[in-house]
Amino acid sequence: MNILNTYFNTSYNTAPFSEIKDTDFLPAFKAAIDDAKLEIDAIVHTEDEASFENTIEALEFTGQQLDRIANIFFNLNSAETSDIIQKIAQEVSPLITEFSNDITLNEALFKKVKAVYDRKDTLDLTTEQSTLLDKKYKSFARNGANLSEEKKQQLRAIDKQLSQLKLTFGENVLAETNNFEMLVTNGDELSGLPEGELEAAKQLAESKDKEGWLFTLDYPSYIPFMTYADNRALRKKLAIAAGKKAFKGDALDNQKNVLQIAKLRFERAQLLGYKTHAHFILEERMAKTPQKVEDFLEELLVKAKPAAIREFKELQEFANTLDGIDQLEKWDSAYYAEKLKQKRFDLDDEKLKPYFKLENVINGAFKVAQKLFGLEFEEITSIDKYHKDVLTYKVTDANSELVAIFYADFFPRPGKRNGAWMTSYKPQFIKADKNERPHISIVCNFTKPTKTKPSLLTFNEVTTLFHEFGHALHGMLANTTYPSLSGTSVFWDFVELPSQIFENWCYEKEALELFATHYQTGELIPMELVQKIKDSSAFHEGMQTLRQLSFGLLDMSWHGIDPTSIADVKAHELKAFEGSQLFPDVKENCMSTSFSHIFQGGYSSGYYSYKWAEVLDADAFEFFKEKGIFNKEVATKFMENVLSQGGIEDPMVLYKRFRGKEPQPDALLKRAGLMPAN
Ligand SMILES: [Zn+2]
């Protein structure tokens with residue numbers, strides 16, 4: 001018997017990593033999909049009248065074995081992959097897509113779901129059940145289940161075109177990124193660049209059999225160049241190349257694709273009965289309507305603009321004094337900002353790192369969680385792990401009841417993708433009166449310890465750890481009945497609240513006192529350093545905010561209206577940027593043609609979420625600050641109304657229950673120095 005298809009008879013029912021062979025995955029997936037199909041068939045073929053229990057709840061608990069295998073497999077594919085795992089992923093992904101399409105296109109199943117949905121008001125459901133019913137119904141309706149056969153065909157045709165166009169869009173951006181290289185053969189032209197960047201550029205040149213230093217549009221090459229290179233002409237060259245991606249009128253140009261994607265999204269939304277694509281998307285977001293998003297962006301724009309203009313003028317003067325620059329251009333922004341920041345704060349990572357030994361920081365996060373929510377973290381060695389570096393913990397509450405199993409995987413290695421993320425091996429849910437506790441994991445890429453030096457984190461890594469730990473708490477403290485509503489399964493513009501709010505503790509004296517001590521001397525981090533961290537984090541927030549808002553406005557300008565009459569991508573874009581533009585426009589550049597977030601990825605009508613989440617976390621943390629950052633009452637409210645509730649209710653309702661009112665942008669504006677702190 002394939003171990004993946006059996007009950008895990010392990011301690012805490014954890015995944016038996018060491019007993020799973022790569023060759024187990026494919027047959028296990030196939031068997032689990034077959035089982036899930038049988039479960040679906042059983043729902044469809046039951047003779048009894050469709051009820052919440054025999055249809056909606058039954059559907060919710062189908063495919064649990066498949067989910068469990070998928071969690072293990074795809075988590076491994078991210079954190080500890082191999083050629084074999086990647087090959088299996090290629091084979092398995094279409095099987096899973098096909099299976100989930102089979103469900104949403106299953107007309108007999110939809111009939112049953114709709115029969116329950118139509119009787120919703122007579123069913124006497126709990127709030128959570130009612131949310132689950134809506135969610136299940138919409139998963140069909142939003143895919144066209146209510147449409148006539150003819151319109152269904154139209155929808156499928158649009159979906160097919162859209163997926164092709166998005167693919168092409170992404171391929172063009174990638175090709176444009178890869179096609180550009182800037183070779184510098186005279187080392188004198190590279191003054192200002194740090195040693196490490198020069199070395200990387202030299203190695204890159206060597207790897208392509210070239211003499212000199214090679215720079216590309218990849219972020220690790222592009223960002224340092226724009227930040228440090230003294231040579232203004234080369235900065236200009238690189239910046240214009242970056243802004244020109246897929247906007248050259250050649251075979252890789254994305255203008256037609258942009259227009260076509262926007263148009264098809266609009267048509268799709270109309271077909272489903274929505275006014276625009278943004279209306280369709282935002283229905284399942286905390287913000288709810290395009291109007292709300294536009295008002296939100298406009299309000300912040302009005303409030304951030306004076307500061308942005310002030311910062312811009314100051315930067316202009318600084319550049320003028322330093323180098324006689326008359327007109328600050330886009331390619332000057334990062335360079336002079338970095339110089340000004342250094343001058344003002346004189347803060348570098350090397351000064352801070354000794355106070356942030358990894359073990360101290362993780363214990364600090366545990367202590368904060370202990371003080372706020374009464375959680376205890378105990379390292380355990382009795383469960384299986386997928387790599388020896390992974391740490392495993394048992395998490396219990398004040399009554400010593402099991403809350404969760406927690407995995408922490410901190411160091412980079414081949415086979416782990418970049419970045420940091422939180423994930424789970426098992427969600428929390430309640431079935432047959434048993435509250436199944438979740439298995440949560442965070443994965444990071446922090447500096448490894450050496451024989452002589454422990455892992456010392458940069459401040460950015462410290463906030464990253466707290467960020468992911470905040471997501472983890474959302475998963476660990478979950479307390480819902482249905483797995484699809486549990487933990488982090490919430491609307492997109494709400495999911496970053498628990499993570500971002502947790503970062504705030506890293507800037508607070510009372511919290512830093514718990515863990516930020518020098519790894520050799522044990523001395524507590526000097527508070528003037530902490531103040532510098534705080535001050536520098538608000539540096540140029542006006543300009544940064546304006547930039548983020550301009551992207552959000554551009555996104556809405558494509559998706560919040562009927563785009564069919566737009567013919568000129570660049571002209572449309574200029575209009576969208578009108579109120580937020582600080583730098584002179586570069587006529588040969590265009591943002592939309594390489595704005596992959598919204599035209600290839602899933603951020604269409606969602607770019608505002610970045611700022612939205614910041615408003616939420618600042619507003620929520622202000623509540624803590626008012627009462628004390630370790631105030632039990634506020635913490636309990638946050639746990640009871642947000643962290644434990646997953647997606648069982650509309651996030652605005654949950655938030656107001658915690659905060660007593662809707663979120664306001666004032667706290668963020670104060671934190672960012674865009675509004676006087678009283
Ligand atoms: Zn996050």
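A: A term to begin with: buried means under 20% relative accessible area, exposed over 50%, and partly exposed in between, with a 1.4 Å probe and protein chains only. By that cut-off, 53% of the 678 residues in the protein chain are buried. This is a predicted model, where local features need pLDDT of at least 70 and side-chain atom pairs count only at pLDDT 80 or more, while totals for chains, interfaces and linings use all residues. Residues are numbered from 1 along each chain as its sequence is written, and side-chain values use heavy atoms, with hydrogens and water left out.

Q: OK. How many helices and strands in the protein chain?

A: The chain has 27 helices and nine strands, counted as DSSP runs from the N terminus (helices are H or I, at least four residues; strands are E, at least two).

Q: What box do the C-alpha atoms fill?

A: Roughly 85 × 65 × 60 Å, along the principal axes.

Q: Now the core. Which residues touch the most other members of the largest nonpolar one?

A: F356, F406, M476 and W505, in a core of 109 residues. A nonpolar core here is a set of buried Ala, Val, Leu, Ile, Met, Phe, Trp, Tyr and Cys residues joined through side-chain atoms within 4.5 Å. Helix 13 (residues 290–323) gives the largest share, 12 residues.

Q: What is M476 in contact with?

A: Leaving aside neighbours within four places in sequence, M476 contacts F377, V395, V403, A404, F406, R437, P438, I440 and F469, where contact means heavy atoms within 4.5 Å.

Q: And which residues are in the other core?

A: That core lies apart and has 57 residues, among them F73, A79, F99 and I380.
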